[in-house]
Amino acid sequence: MVIAPIGKTFIGNFSINDRSKGIDESIKTMIAKLENNLEEEINKEIKSGLMQNKPIVALESTLISHGLPYPENIKVAKLSIEAVRKNGSIPATIAIINGKIKVGLDDKEINILGKNNNIHKVSRHNLAIAINNKLNAAT
């Protein structure tokens, strides 16, 4: 997932105005929820970095949930975060935790992804479903 400008009609490469024809109203509702709640889930360090125009590196969470076995997955996640910091950027690991988009995971959230076998893998086609159903999911 790429951190992109979020506006009333834009999420990543998906524009409601451009592609809403034929989309079920429930999908539109889920997308609206996503747009309205995303900023609340960006951690303080990343929000501050965005305001100060600092470099931010988006890190996938699928490596934690599906790429490596426990406990190596958590170790690699933490080493990746450390490497980003050592190179002067702010790490932004992205996942869905209990249906909320999280940009910049804390240790507890990393452990949820690393230890739980019921983590979904999401992309644009099922992101709204994960949010609506309050699932844990990796990007």
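Analyst: Two residues are in contact when heavy atoms of theirs lie within 4.5 Å. Helices (H or I, at least four residues) and strands (E, at least two) are DSSP runs, numbered from the N terminus. The model discussed here is predicted: local features need pLDDT of at least 70, side-chain atom pairs count only at pLDDT 80 or more, and totals for chains, interfaces and linings use all residues. Residues are numbered from 1 along each chain as its sequence is written, and side-chain values use heavy atoms, with hydrogens and water left out.

User: How many helices and strands does the chain have, and in what order do the elements run?

Analyst: The chain holds seven helices and seven strands. Starting at the N terminus, their order is β-β-α-α-α-β-α-α-β-β-α-β-α-β. Of the contacts with a separation of 6 or more, 63% join residues 24 or more positions apart.

User: What share of the residues is buried, and what is the accessible surface of the chain?

Analyst: Buried means under 20% relative accessible area, exposed over 50%, and partly exposed in between (1.4 Å probe, protein chains only). Of the 139 residues in the chain, 39% are buried. By the Shrake-Rupley method with a 1.4 Å probe, the accessible surface comes to about 8600 Å², and carbon and sulfur atoms contribute 52% of this area.

User: How many residues of β4 are buried, and which of them point each way?

Analyst: In β4, eight of the eight residues are buried. Ile-90, Ala-92, Ile-94 and Ile-96 point one way, while Pro-91, Thr-93, Ala-95 and Ile-97 point the other way. Thr-93 counts as buried because its relative accessibility is 5%. Beyond its neighbours within four places in sequence, Thr-93 has contacts that include Leu-59, Ile-64, Ile-81, Val-103 and Leu-105.

User: Which strands pair with β4, and in what sense?

Analyst: Two strands pair if DSSP finds at least two bridges between them. Strand β3 (residues 56-60) runs parallel to β4, with five bridges, and Ala-58 stands opposite Ala-92. Strand β5 (residues 100-103) is antiparallel to β4 and is joined to that strand by four bridges; here Lys-102 is the bridge partner of Ala-95. The hairpin of β4 and β5 has two residues between the strands, and Asn-98 adopts a positive phi near 50° in this hairpin. Strand β7 (residues 137-138) pairs with β4 in the antiparallel sense over two bridges, with Ala-137 opposite Ile-96.

User: How many salt bridges does the structure hold, and which residues form a network?

Analyst: Side chains of opposite charge can pair when their charged atoms come close. A salt bridge is a side-chain nitrogen of Lys or Arg within 4 Å of a carboxyl oxygen of Asp or Glu. The structure holds five salt bridges. One of them joins Lys-102 and Glu-41, whose closest N and O atoms are 3.4 Å apart. Lys-102 lies in β5 and Glu-41 in the loop between α2 (25-37) and α3 (44-51), so this pair ties together parts that are 61 residues apart in sequence. Lys-102 also forms a salt bridge with Glu-109, with 3.3 Å between the closest N and O atoms. Both Lys-102 and Glu-109 are buried. Through shared partners, the salt bridges join Glu-41, Lys-102 and Glu-109 into one network, and Glu-41 is likewise buried.

User: Is the salt-bridge residue Asp-107 buried or partly exposed, and where does its partner Lys-78 lie?

Analyst: Asp-107 and Lys-78 meet in a salt bridge with an N to O distance of 4.0 Å. This pair links distant parts of the chain: Asp-107 is in helix α6 (residues 107-115) and Lys-78 in helix α5 (residues 72-86), 29 residues apart. Asp-107 counts as partly exposed because its relative accessibility is 46%; Lys-78, at 36%, also counts as partly exposed.

User: Which residues of α6 are buried, and what do they pack against?

Analyst: An α-helix has 3.6 residues a turn, so residues three or four places apart point the same way. In α6, the buried residues are Glu-109, Ile-110, Leu-113 and Gly-114. They lie on the same side of α6 because they cover an arc of only 135° around the axis, taken from the directions from the helix axis to the C-beta atoms. These buried residues pack against α4 (62-67), α5, β4, β5 and β7.
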